Amino acid sequence: FFFFFFFQAEDGIRDFCLSRGLGDVYKRQVQEYIQELIRTDPGNIVKICEPPKGVDLAVWQYEHLRQFVLELNLLVVQLQGICNAKSCPKMKATEEWLYLCACHPTIQECPAIDYMIHTLDYASSLLTNTKYFPSRTSIPTTSIKHIVSLVRRLYRLFAHTYYNHQEIFTEFENEMHLCERFTEFASRFDMMPPKLFCVSIFNHRVRKNKT
């Protein structure tokens with residue numbers, strides 16, 4: 001079982017309503033709204049990913065990405081001890097998909113579990129870097145490229161788990177619907193071309209008209 005420590009609203013899901021005061025209040029509204037949706041019905045993928053009226057799209061994407069990183073850490077915890085340098089010396093999905101780790105002075109191969117930990121550490125560092133994301137209420141246009149790049153790197157964690165640790169993937173996905181939600185999110189906002197979505201069971205979430 002997997003446990004969430006989310007903000008608990010007394011009356012369940014509330015309609016999203018922007019506060020007149022922005023800053024931390026606005027930040028918490030977006031974050032808490034996403035978490036309420038997940039907690040109430042994690043399988044309602046479209047509803048969770050659909051931005052409510054009045055929310056800045058870049059802020060919506062940024063807050064979702066922070067949430068994905070939190071939940072992907074739970075997946076890595078499940079993999080530790082099973083996915084290791086001996087069982088998975090390279091970060092692969094299939095033989096066709098080999099991923100190199102960019103979290104070194106030079107790009108190189110990494111055991112899969114190290115690659116995943118490095119990627120999540122990098123994601124956390126990037127998303128809290130005030131140089132690129134000085135505020136959680138307004139995302140600079142120049143920082144959008146970092147969100148897109150990070151989405152593609154994080155997807156690889158799902159790909160490796162799906163093809164190499166099927167039992168853990170299935171158990172985790174049945175509970176969390178995380179890969180399906182990530183696929184819907186990345187496709188909805190055109191962050192990955194269809195050819196990069198290699199977890200085939202969620203191909204129905206990929207918008208084929210995207211490039």
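The model is predicted, with local features needing pLDDT of at least 70, side-chain atom pairs counting only at pLDDT 80 or more, and totals for chains, interfaces and linings using all residues. Residues are numbered from 1 along each chain as its sequence is written, and side-chain values use heavy atoms, with hydrogens and water left out.

**Exercise 1.** Determine how many residues of helix 7 are buried.

Helices here are DSSP runs (H or I, at least four residues) numbered from the N terminus, and buried means under 20% relative accessible area (1.4 Å probe, protein chains only). Just after helix 7, Asp 190 adopts a positive phi of about 55 degrees.

**Exercise 2.** Describe how helix 3 and helix 6 cross, and which residues make the contact.

The axes, which are lines fitted to C-alpha atoms over the stretch in contact, with angles from 0 to 180 degrees between N-to-C directions, come within 11 Å and cross at roughly 145 degrees for helix 3 (residues 57-79) and helix 6 (residues 166-176). Contact means heavy atoms within 4.5 Å, and Glu 71, Leu 74, Leu 75, Gln 78 and Leu 79 of helix 3 meet Ile 168, Phe 172 and Met 176 of helix 6.

**Exercise 3.** Identify the residues with the most contacts inside the largest nonpolar core.

Such a core joins buried Ala, Val, Leu, Ile, Met, Phe, Trp, Tyr and Cys residues through side-chain atoms within 4.5 Å. The largest has 63 residues, and Met 116 and Leu 154 have the most contacts inside it; helix 3 supplies its largest share, 11 residues.

Notes
Buried means under 20% relative accessible area, exposed over 50%, partly exposed in between (1.4 Å probe, protein chains only). Helices (H or I, at least four residues) and strands (E, at least two) are DSSP runs, numbered from the N terminus.
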